[in-house]
Amino acid sequence: MTGSRRPFRALLTAISLAQAGTAVSVIALPWFVLVTTGSATSTGLTAFCELVPYVLCKGLTGPVVDRLGARLISWTADAVSALAVGLVPLLHALDLLPLWALLLLVALVGTVRGPGDLSKDVLLPETAELGGVPLERATGLLGVVNRLASTVGPVGGGAAVAVAGPMTALLLNAAAFLGGSLIIGGLLPTGVGRPADGPGQKYWEGFREGVRFLRGEPLVITVTALFAATNLLDAALSSVLLPVWARESGHGPSAIGLVAGAMGVTALGGSLLAAVYAARLPRRPVFLTGFLIAGAPRFLVLALDLPLWLVTAVFAASGFGAGFVNPIIGAVLLERIPRPLLGRVRAIRDSVVWAGIPVGGLLGGLAASAAGPTLVLTVAGLGYLLVTLFAVLRPEWRQLDRPGTALRRRTSPLLTRGCRPDLPSDRGATYVPRLPC
């Protein structure tokens with residue numbers, strides 16, 4: 001029976017505020033650093049100081065999220081982010097913001113955003129269950145929210161910077177974080193996102209439990225490796241190869257905005273359709289088709305030096321295919337990972353998936369300088385195709401379409417040690433019974 005969808009809607013609203021606020025800061029903060037310091041190095045260092053703590057803390061704080069509870073971590077992290085971002089314009093107005101202080105505040109934002117975003121991922125299946133929302137639809141709607149925020153946020157951020165300046169844009173960012181914190185803390189029921197571990201749980205014990213679970217899940221390992229490899233190639237494309245193509249083809253920077261915008265719009269449309277229909281479609285063929293369309297064609301069409309309208313059309317088709325990929329994989333992960341281990345397992349998995357992103361741009365730049373962009377685009381596109389086919393044709397991928405039979409229920413040592421309260425099971429529909437003392 002369908003329950004209240006208010007917690008699910010509240011969570012999506014909080015996620016949209018956090019994502020949109022972050023997208024605004026992506027425009028406002030680098031612009032502020034660039035115009036105040038005149039240094040591209042300082043601008044790059046600012047982004048580095050936020051991204052590295054984000055990746056590290058998201059990967060290492062999974063046991064903390066499970067121990068303290070996703071709801072508490074989520075609203076606390078957003079509140080701290082709001083404070084840190086809000087201090088930037090305040091200290092700047094008081095002429096008390098040297099570069100080192102700005103870098104510390106940015107690093108603090110990255111440090112708390114990692115576990116904050118992880119906590120919202122952990123809250124998603126529980127709030128979806130409360131509202132009777134199928135997992136494919138929940139993850140599809142999450143994709144819609146993320147893509148919409150990443151599209152509207154930069155536009156709004158650019159407009160705010162142009163009209164009112166970067167400090168006003170950062171205040172909007174702080175307000176968005178604060179709004180998300182109030183929504184999670186005030187609108188989600190207190191029983192949602194409760195701690196999954198007992199009071200005696202040790203950090204490294206919980207971390208090792210997450211690693212042990214991943215080692216026993218070939219499908220999750222394959223999915224993680226696939227996205228880690230393709231994220232590295234995507235980072236090389238977006239940060240280096242696409243700008244180089246735009247310059248050498250003579251199309252200029254406007255072409256980057258055109259193809260990226262076309263891909264973003266169709267990805268939003270694909271996510272909307274996935275939210276409605278993905279639960280009714282066979283997973284394996286839909287995922288394979290979507291990934292094949294979304295990946296290699298973007299690289300190859302740039303390498304072939306085709307007309308801009310055709311490049312734009314290929315990127316638009318790729319975006320539509322990409323809209324179906326994340327909802328399917330998101331649902332699979334939520335089905336297969338036991339709820340009490342969700343924080344630590346997602347944290348480890350996400351850190352591996354993100355690990356190649358900072359490296360991708362560096363490797364792409366070195367390769368393009370050494371061998372030329374056309375050869376690198378061709379090799380990267382073919383590599384993307386081979387990685388995709390290798391991953392999805394492995395035997396464990398057959399488990400994608402059979403969540404009811406392929407799912408292996410596990411009894412975690414963490415769940416059978418001592419007296420424990422009732423905990424949600426890995427599917428979330430039943431509960432692990434209370435164990436005797």
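**Close-up views of a predicted model**

**View 1. Helix 11 packs against helix 15.** F287, L288, F291 and L292 of helix 11 meet Y384, L385, T388, L389 and V392 of helix 15; contact means heavy atoms within 4.5 Å. The model is predicted: local features need pLDDT of at least 70, side-chain atom pairs count only at pLDDT 80 or more, and totals for chains, interfaces and linings use all residues. Residues are numbered from 1 along each chain as its sequence is written, and side-chain values use heavy atoms, with hydrogens and water left out.

**View 2. The axes of helix 11 (residues 283–294) and helix 15 (residues 373–392).** These axes come within 10 Å and cross at roughly 170 degrees. Helix 11 is therefore roughly antiparallel to helix 15 (angles over 145 degrees count as such).

**View 3. F287 and its partners in contact.** Leaving aside neighbours within four places in sequence, F287 is in contact with L226, F227, V325, I328, I329, V392, W397 and L400.

**View 4. The largest nonpolar core, with 78 residues.** Such a core is a set of buried Ala, Val, Leu, Ile, Met, Phe, Trp, Tyr and Cys residues joined through side-chain atoms within 4.5 Å. F227, L241, F287, F299, L302, F315 and W397 touch the most other members. Helix 9 (residues 218–249) gives the most to this core, with 12 residues.

**View 5. E126 in helix 5 (residues 99–130).** E126 is buried, with a relative accessible area of 18% (buried means under 20%, with a 1.4 Å probe and protein chains only). Not counting residues up to four places away in sequence, E126 touches G191, V192, G193 and R339.

Terms used: Buried means under 20% relative accessible area, exposed over 50%, partly exposed in between (1.4 Å probe, protein chains only). Helices (H or I, at least four residues) and strands (E, at least two) are DSSP runs, numbered from the N terminus. Axes are lines fitted to C-alpha atoms, for helices over the stretch in contact, and angles run from 0 to 180 degrees between N-to-C directions. Angles under 35 degrees count as roughly parallel, over 145 as roughly antiparallel, 65 to 115 as roughly perpendicular and the rest as oblique.
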